[in-house]
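Subject: Structure for you to look at

Hello,

Here is the structure you will be working with.

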Amino acid sequence: MPICIIGGGLAAHAAAAKILIENPKANVVILNDGGPSNSSLAGQRYRTRAGDSQKSDQDSFVELLASRNGGQETKPMRQFARTSIAQIKFWQTLEPRKLGVDLPSLASTDKPEWFGPQFGTTNAVGNGHGRSTTNWFKKLARELGATTMEGSVTSLNRELNIIESVNAQTKDGQQMNIAAEHFVLAGGSVGGRMFESTNIEIQNSPQELAWEAGLGLVDATKFMFHIMGNVGKDGSSKPGCLETDKLDQAKVYLPIKAGSDLEELDKYTTDLLSNHKAHYEFPEIARRFISKGGKCRISMPDGTSLPAQVAHHYSHLGVETDNGIAVTGVSNLSAIGDASGTGFWSGNKVRFPGTALDNCLVGAAMIAKQSPGAWSDPVVIKPIAEQSIPLNRNTAQRAKLLRQINTQHLFDIEFGDQPRQAASNWVETLEATQFDSTIAQISLATARSCFAEQSGLPVPKVIRKDQIQTMKMPVAARSRIEFSQEPIMTMTSSSKTPKELVDLRVRIDKMDSVLISHLAERFRFTEQVGYVKAGSGFLPIDNTREQAQARRIAELAEQEGLNPIFAQKLLKLIIGQVVKRHKEIAAEPLNTKANILSPRDELLKLRVLIDESDAKLIKYLAERFDLTEQVGQLKAKKSISATDKSRETAQAERISAIAKQEGIDAPFAQEFLTAIIAEVTKRHQQIAATSEKNGGLDSGNS
Ligand SMILES: Cc1cc2nc3c(=O)[nH]c(=O)nc-3n(C[C@H](O)[C@H](O)[C@H](O)COP(=O)(O)OP(=O)(O)OC[C@H]3O[C@@H](n4cnc5c(N)ncnc54)[C@H](O)[C@@H]3O)c2cc1C
């Protein structure tokens with residue numbers, strides 16, 4: 001059977017080419033979704049030394065890695081430095097024509113002040129090393145005989161310690177099952193999906209595939225920030241960054257203080273850039289920039305200016321391996337490049353610039369050495385009918401919001417003065433959002449690991465999907481589960497009550513629990529809004545927003561077949577409660593959220609969550625009304641007296657108990673229920689009026 005490589009960047013193509021150079025009979029299939037890769041974006045700078053020397057130097061390289069590990073050198077560090085230097089030389093000196101491939105040797109340049117060579121050639125504007133290098137490896141792999149299938153791998157089909165096959169979806173939506181002897185994860189990093197980043201977004205990343213297959217991920221708390229990330233039109237991070245080695249003639253300007261239009265020369269950073277030393281001081285420079293708002297202006301010698309900002313540059317989260325590439329827990333799966341990360345080689349410490357691309361070449365060399373002579377059978381591909389479950393279940397809006405939440409909290413942890421609190425807020429926010437996607441689960445596990453780290457608790461070395469279920473659930477979700485398993489019954493009806501009515505009442509009780517815990521979740525968001533408003537001088541009441549909300553809720557209600565006036569009435573009730581609380585918060589002497597950096601952004605984020613919450617609320621209400629509609633029909637049909645005072649009392653008591661449990665004001669919860677019952681009553685009266693059997697129903701209790 002063949003070897004299947006999943007990915008489309010440097011790691012995938014270097015591995016395919018290297019396998020075929022060492023084992024020309026191998027059958028190498030590359031499953032590539034054709035999406036952009038970080039390899040194409042990269043500056044293509046490879047590390048062969050500590051810096052300041054034209055000579056590749058294994059000792060200085062190892063020493064540098066050890067400096068991040070308390071000075072302790074390890075065997076993997078030595079193996080990594082040795083293999084990196086050897087592989088970089090191998091690719092620099094390879095003559096494809098000697099292998100029968102019509103391709104010139106790989107272009108590369110080196111300078112004494114760099115930490116190693118740069119691969120590739122530039123385009124008209126001086127960039128393009130990434131693209132030209134990736135294309136070179138791609139062409140070489142293809143000409144040597146690798147087959148590329150366009151498609152995105154959506155699952156690893158694992159049977160105990162074997163990956164039996166993978167499922168993939170082609171561009172035209174066809175589902176395929178692909179069997180192979182060995183699989184290689186070379187699909188890059190999940191970082192650009194989790195954070196606003198210099199990284200591109202990779203769909204169905206190796207970390208997500210591994211997570212869903214129950215495999216482990218390492219280095220959840222290791223991140224790298226870039227000081228010169230690209231700035232998007234809306235001010236957020238955009239993929240790509242400036243190459244600091246190209247800025248040795250540039251001057252860096254910072255605002256004199258955060259938010260100011262006046263700026264001053266940042267001599268410290270300018271000097272580091274001119275000495276090619278800035279990349280060793282990224283954390284320190286990032287802190288300087290953040291203290292002035294995070295953005296800077298780069299003035300080039302030709303008079304042009306470029307904006308840049310501190311950005312998330314790398315998540316080290318990699319698939320757990322036993323030796324740098326062999327995935328732990330399965331015998332026929334490897335992970336190379338960003339898929340495994342550099343953690344194994346560095347003693348699980350933050351990587352140095354230049355080692356990520358080295359890592360792609362090291363992985364390629366190791367995989368090629370692993371099984372020469374094997375992997376030559378034909379590929380087995382079967383079309384399959386079943387729809388593979390897409391890992392990306394979030395809507396685009398939710399995916400964006402998740403990235404914003406993750407980025408904001410990560411920056412607060414890294415650069416704020418209360419990192420532990422920031423980590424705790426991150427966990428709480430993610431728990432409250434309850435987004436249902438692989439990426440949301442990985443985000444939550446990451447946030448929890450960061451919280452453990454900030455709290456001085458043991459940080460899990462490996463995070464895995466099966467742990468997420470045993471993690472503490474959010475209050476709302478917890479109560480929902482408890483009630484759905486064992487609802488507090490309000491059945492006070494006599495034994496003559498028909499079974500259909502008993503069943504419907506159980507379902508209505510469950511629905512009420514869901515509604516109340518959902519309201520509690522909504523109040524948690526509005527509580528945060530209250531603090532943001534109070535801390536930034538916004539008024540508790542915002543008529544424009546309230547009018548927009550009322551319009552929206554009416555539309556949503558209409559879509560769900562509910563009375564829009566009734567929906568607006570409920571919203572008014574909720575907003576009344578919120579405003580009351582916001583006024584209390586505004587009157588609090590000490591404002592804990594007074595230092596929020598960008599309150600307007602924070603408000604926008606929370607409002608998206610609240611709007612989503614309202615849409616859900618309407619859906620739950622519609623479900624409840626479906627049930628009471630059935631109750632109305634049943635009562636009319638069976639001539640059952642509409643009034644059941646004991647049920648009404650029990651319902652009221654039950655709602656108070658749940659409200660207390662959820663931390664909601666009990667009288668408000670009663671009022672909320674009363675408003676719903678009034679609407680149900682109205683509807684039951686309509687049903688009764690048209691009913692031939694019973695024209696006298698007078699109560700909406702159910
Ligand atoms: C702006 C920037 C500059 C950088 N500069 C440097 C540098 O100078 N030096 C350095 O050492 N490092 C640098 N890096 C890091 C370096 O680019 C990456 O570590 C490296 O490119 C990773 O290569 P890769 O092949 O593992 O992943 P990628 O190059 O990201 O390739 C992954 C590919 O796999 C495809 N894929 C993913 N999942 C699937 C799937 N399920 N099915 C099919 N296909 C899939 C993706 O679409 C993508 O095309 C830089 C990174 C950035 C963002």
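This is a predicted model: local features need pLDDT of at least 70, side-chain atom pairs count only at pLDDT 80 or more; totals for chains, interfaces and linings use all residues.

Residues are numbered from 1 along each chain as its sequence is written, and side-chain values use heavy atoms, with hydrogens and water left out.

The parallel sheet

An open sheet with parallel pairing is made of 5 strands in the order β5-β2-β1-β9-β18. Strands here are DSSP runs of E with at least two residues, helices are runs of H or I with at least four, and both are numbered from the N terminus. Two strands pair if DSSP finds at least two bridges between them. At the edges are β5 (147-150) and β18 (333-335), each of which pairs on one side only. From one strand to the next, the twist averages 20°; angles run from 0 to 180 degrees between N-to-C directions, and axes are lines fitted to C-alpha atoms, for helices over the stretch in contact. Strand β2 (residues 28-32) pairs with β5 in the parallel sense over 4 bridges, and I30 stands opposite T148 in β5.

Two helices lie across this sheet. Helix α1 (residues 10-22) lies across β1 (3-6) and β2, and runs at about 175° to β2. Helix α11 (residues 355-370) lies across β1, β9 (182-185) and β18, and runs at about 175° to β9. Contact in these notes means heavy atoms within 4.5 Å.

The antiparallel sheet

A second open sheet has 6 strands in the order β12-β11-β16-β15-β13-β14, with antiparallel pairing. β12 and β14 (263-265) stand at its edges with a single partner strand each, so one side of each has no neighbour in the sheet. The twist averages 45° from one strand to the next.

Strand β11 (residues 223-231) and strand β12 (residues 237-241) pair over 3 bridges, with G229 bridged to C241 in β12. These two strands form a hairpin with 5 residues between them, and G235 in the turn has a positive phi of about 90°. Strand β15 (residues 295-299) is joined to strand β16 (residues 305-315) by 5 bridges, and the two run antiparallel. The bridge partner of K295 in β16 is Q309. Helix α9 packs on the sheet and touches β11, β13 (251-255), β15 and β16, its direction making about 55° with that of β11.

Helix α9 (residues 282-291) also meets helix α8 (residues 267-274): their axes come within 11 Å and cross at roughly 145°. Y268, T269 and L272 in α8 meet E284, I285, R288 and F289 in α9.

The ligand

Which residues are closest to the ligand? They are D33, S39, R45, N204 and D338, out of 41 residues that surround the ligand, counted when one of their heavy atoms lies within 4 Å. For N38, a backbone N or O atom lies 3.1 Å from an oxygen atom of the ligand. For R45, a backbone N or O atom lies 2.9 Å from a nitrogen atom of the ligand. A polar backbone atom of G354 is 3.3 Å from a ligand oxygen atom.

Regards

Methods. A polar contact is a pair of N or O atoms within 3.5 Å; within protein, one must be able to donate a hydrogen and the other to accept it, and residues adjacent in sequence count only if both atoms are side-chain atoms.
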